[in-house]
Amino acid sequence: MTTVVRRTFRSTPHRDALDTWNAIVELLTQGRTGAERTELIAVGGIGASIIADQAPKEAAIVVTCDGPRTRIYCLYDDNALDGSDANEGGLGFEPLKGDWRVSLPCPADDLAWVQNALKKHSTRITARDRDTAVALDTNTSAAATQDLVFDQKGFLAP
Amino acid sequence: MTSVVVNTFTNSVIYVADNILMSMKEIIRLSGLDPSNLVEGWSLHKRGLQSWLLSRHLETVVLEVFDPNTDALVGRWDIDVIYTTGVGDGVFWTDTAQIKYHIQKVGVVPSQARYRLLLQNKPGADEVDGWGPGKYRSTDGFARHSLGSTIEHNGLGGNTAYWRKA
């Protein structure tokens, strides 16, 4: 089963959409410079647009690599100012290790132009309809659901 | 201990600037154009918006749509900035549905059309890196239609209007 780690960032109006993207890049690159950071910074405007649309409020930015998977959400409005649901802490593993990919949730109406715009900068950073789960997420969710099946017999046992 | 969320003018500036850009992106897309150029310049656009909102010099954000062959105006959208800071109940409000409704009335623009974003300031605004003086295209033959308020937080907001051939 895939190990999944969740992080939640405070976005608008605590910080603007582009600064939110840059904070996410900081988390993923762990402060390192290099090709990964360059590639992520290059799509900053597109990332900011998706964040300003509040797409990562309910659907995660999903980061996959040769290690654990990272799911990133954003908080908005009063929740962003309050910040009590945020978790922006550093990761205890390399989230871009090996063959990494970033899947951005996108409003369906924006998907075509966002995908075209991303292609100009990266093959690793892609966009999906925010109502569509990333392929392996379905398996992960299914596994998690199976783990939580209610054991009525066990519950009622004395 | 009881905690309350504190809204500052800076928070309002961040909220309004982001939602002005988001609204302009929606206008461009719904008009049948590619928002990539606006989005690629997000950093430059937000720098101008935030700087001049914070100093209260920003009056109007203008999206001009024009024919690249004739340089003539095809359509135009304005967001007039309203400063009544200190008023409001902290509600974050952005109404893109109203914009969508009016774009359907205006219709899509020719696919070869181009666009650019202009910021109009009151006199005395500091210079911001990447921004310089500019001039509007003529609106002769166009009429302005107001939608009213479409963005608002704690008294800082934007009233949207569009121009179409009279």
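I began with β2(B) and β6(B), which pair in the antiparallel sense over eight bridges; I count strands as paired if DSSP finds at least two bridges between them. Helices (H or I, at least four residues) and strands (E, at least two) are DSSP runs, numbered from the N terminus. Within this pairing I found Tyr83(B) opposite Leu156(B) of β6(B).

I note that this is a predicted model, in which local features need pLDDT of at least 70 and side-chain atom pairs count only at pLDDT 80 or more, while totals for chains, interfaces and linings use all residues. Residues are numbered from 1 along each chain as its sequence is written, chains are lettered from A and ligands numbered from 1 in the order in which they are written, and side-chain values use heavy atoms, with hydrogens and water left out.

On its other pairing, β6(B) joins β5(B) in the antiparallel sense over ten bridges, and there I see Ser146(B) standing opposite Ala161(B). The two strands β5(B) and β6(B) form a hairpin with two residues between them, and Asn154(B) in that turn has a positive phi of about 50°. I recorded β6(B) as largely enclosed by the rest of the structure, because seven of its ten residues are buried, where buried means under 20% relative accessible area, exposed over 50%, and partly exposed in between (1.4 Å probe, protein chains only).

Next I looked up the residue after this strand: Ala166(B) lies in the segment following β6 (156-165) of chain B, and at 85% relative accessibility Ala166(B) counts as exposed. Leaving out residues up to four places away in sequence, Ala166(B) touches Gly141(B), Phe142(B) and Ala143(B), a contact being heavy atoms within 4.5 Å. The C-alpha atoms of Ala166(B) and Gly141(B) are separated by 5.8 Å, although the two are 25 residues apart along the chain.

What is the order of the strands in the open sheet of chain B? I read six strands in the order β3-β5-β6-β2-β1-β4, with antiparallel pairing. The edge strands are β3 (93-94) and β4 (114-121) of chain B, each pairing on one side only. Two bridges join β3(B) to the antiparallel β5 (residues 142-153) of chain B, and Trp93(B) has Glu152(B) as its bridge partner in β5(B).

I then turned to the helices. I found α1(B) and α4 (residues 96-106) of chain B packing at an angle of about 25°, with their axes 10 Å apart; the axes are lines fitted to C-alpha atoms, for helices over the stretch in contact, and angles run from 0 to 180 degrees between N-to-C directions. Among the residues making the contact are Met22(B) and Ile27(B) of α1(B) and Ile99(B) and Ile103(B) of α4(B).

I count zero disulfides over all chains, taking a disulfide as a pair of cysteine sulfur atoms within 2.5 Å. For Cys65(A), the nearest cysteine sulfur, that of Cys74(A), is 19 Å away, and Cys65(A) counts as buried at 13% relative accessibility. The sulfur of Cys74(A) is 14 Å from the closest cysteine sulfur, in Cys106(A), too far for a bond, and Cys74(A) is buried with a relative accessible area of 2%.
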